[in-house]
Amino acid sequence: MIEEASGNRIEHMTICKPAPFSTDPEACLERDMCDYTVKISYAVARSGKAPRRVRVYADGIYDLFHQGHARQLMQAKNVFPNVYLIVGVCSDELTHSRKGRTVMNERERYEAIRHCRYVDEIITEAPWELSDEYLRKHKIDFVAHDEIPYCGEDGADIYAPLKRAGMFVATERTEGVSTSDIVARIVKDYDIYVRRNLARGYSAKDLNVSFLKEKKFRLQNKMDELKGKAKEVKVDLLRSWEEKSRDFIETFLLMFGRERLSNIWNESKGRIMQAFSPPGSPDGSVNGDDEEDPEQGSDSLPNSPPTKKRTKHLYHHRNEYSDSEDGIEGH
């Protein structure tokens with residue numbers, strides 16, 4: 001979405017179609033309207049006072065289009081105010097001869113670039129090295145690329161002439177992401193991706209694997225499927241146990257509420273205390289011998305049995321009583 005300020009009003013223009021090819025009427029009209037005789041210097045372009053749109057060119061292979069590619073094109077689009085971004089994409093024939101085999105074919109790579117929001121025009125079958133004739137044909141003001149030297153057939157940097165002419169603007173590479181890194185990840189986890197695609201219906205011929213490897217991968221997929229089912233059964237059992245335990249707890253709380261549990265605890269506590277407490281000793285003597293012996297100290301226990309000395313004293317009194325009775329009888 002592009003926002004343009006007009007006074008206090010902001011107009012929103014939504015990009016709702018892919019960028020045109022350089023041969024499409026829309027791109028041809030834009031190119032015809034450009035007065036290329038008016039040269040725009042780097043300083044004028046940076047100031048935002050250019051008399052027309054600044055035509056910036058970026059090129060590449062753009063295999064497995066990723067965020068690093070998108071970020072590079074975003075930088076090229078925003079290097080100056082009012083940029084018209086043209087992107088050149090190399091063909092399969094040129095790429096395979098110069099750099100190697102690609103994952104995506106040229107048509108797929110063209111379409112990926114066309115649907116990037118920063119791109120205004122696509123040039124197919126872009127050359128490896130940019131000639132003056134090519135720059136004039138497409139009315140290119142500046143070329144955007146990272147500053148790493150790209151060697152041509154003669155070993156020289158292909159962007160060196162543009163740098164000398166002041167027509168080169170540098171963009172930054174995105175560290176940690178590249179097409180080569182993505183391919184390396186796929187190769188590293190080759191077995192995983194083959195097994196995944198076999199499970200999705202691809203044949204061994206489609207994936208270029210042997211008969212034995214196909215059977216091996218399918219067996220591994222079947223084992224993983226059985227493990228997954230066993231795990232689901234285990235989870236279902238745990239979930240069922242959890243639901244039943246929750247119902248049991250709710251039923252228990254309904255039967256034995258807070259007050260009921262408190263009463264049970266108090267009753268149990270009282271019974272436990274009664275069981276561990278000994279019965280109290282009876283007060284006084286059964287025989288009425290509760291008088292304190294004057295010969296014993298005050299520290300003697302009142303309920304303790306009489307000592308031998310006390311028994312002798314009692315016997316002595318009984319003898320005196322018997323003598324007195326005999327005296328009475330004698331009188």
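## The second largest pocket

In this predicted model, the second largest pocket is lined by 31 residues, and those nearest its centre are Ile61, His69, Lys99, Tyr150 and Arg173. The volume of the second largest pocket is about 790 Å³. Four elements, β3, α3, β6 and α8, each contribute at least two residues to the lining of this pocket.

## Helix α3 and lysine 77

Helix α3 spans residues 67–77, and its buried residues are Gly68, His69, Gln72, Leu73, Gln75, Ala76 and Lys77. His69, one of these buried residues, is also among the lining residues that lie nearest the centre of the second largest pocket. The partners against which the buried residues of α3 pack are the strands β3 (54–60), β4 (83–89), β6 (142–146) and β7 (168–171), together with the helices α5 and α8 (179–188).

Lysine 77 belongs to helix α3, and because its relative accessible area is 19%, under the 20% cut-off, this lysine counts as buried. The side chain of lysine 77 forms a polar contact of 2.6 Å with the side chain of aspartate 120.

## Threonine 102 and its surroundings

Threonine 102 sits in the loop that runs between α4 (92–98) and α5 (106–114), yet it is buried, with a relative accessible area of 13%. Two polar partners can be named for its side chain: the side chain of histidine 96, in a polar contact of 3.4 Å, and the backbone oxygen of methionine 104, reached at 2.8 Å.

When residues up to four places away in sequence are not counted, threonine 102 touches Ile61, Asp63, Asp92, Thr95, His96 and Arg109. Of these neighbours, Ile61 is also listed among the lining residues nearest the centre of the second largest pocket.

## Loop residues with positive phi

Leucine 64 has a positive phi of about 50 degrees although it is not a glycine, and this residue is found in the loop between β3 and α3. With a relative accessible area of 19%, leucine 64 is classed as buried, because the limit for that class is under 20%.

Asparagine 82, likewise a residue other than glycine, has a positive phi near 60 degrees and is placed in the loop between α3 and β4. Its relative accessible area of 48% makes asparagine 82 partly exposed.

## The whole chain and confidence

The protein has 13 helices and 7 strands, and buried residues make up 28% of its 331 residues. Among contacts with a separation of 6 or more, 64% are between residues 24 or more positions apart. The accessible surface comes to about 24,400 Å², with 54% of it belonging to carbon and sulfur atoms.

The average pLDDT of the protein is 79, and 71% of the residues score at least 70. Over residues 290–302 the pLDDT is below 50, and this stretch has 7 contacts in the model beyond near neighbours in sequence. For residues 324–331 the pLDDT also stays under 50, and the model has 0 contacts there beyond four places in sequence.

Definitions and conventions:
Residues numbered from 1 in each chain as written. Predicted model: local features only at pLDDT ≥ 70, side-chain atom pairs only at ≥ 80, totals over all residues. Heavy atoms only, no water. Buried < 20%, exposed > 50% of the residue type's maximum accessible area, 1.4 Å probe, protein only. Polar contact = N/O pair within 3.5 Å; in protein donor to acceptor, adjacent residues only side chain to side chain. Contact = heavy atoms within 4.5 Å. Areas by Shrake-Rupley, 256 points an atom, 1.4 Å probe, with all protein chains shown as cover. pLDDT = per-residue confidence, 0-100. 1 Å grid on protein atoms, 1.4 Å probe; cavity = no way out; pocket = protein on both sides within 12 Å on 5 of 7 lines; lining within 4 Å. Points joined across faces, edges and corners; volume = space filled by probe spheres on them.
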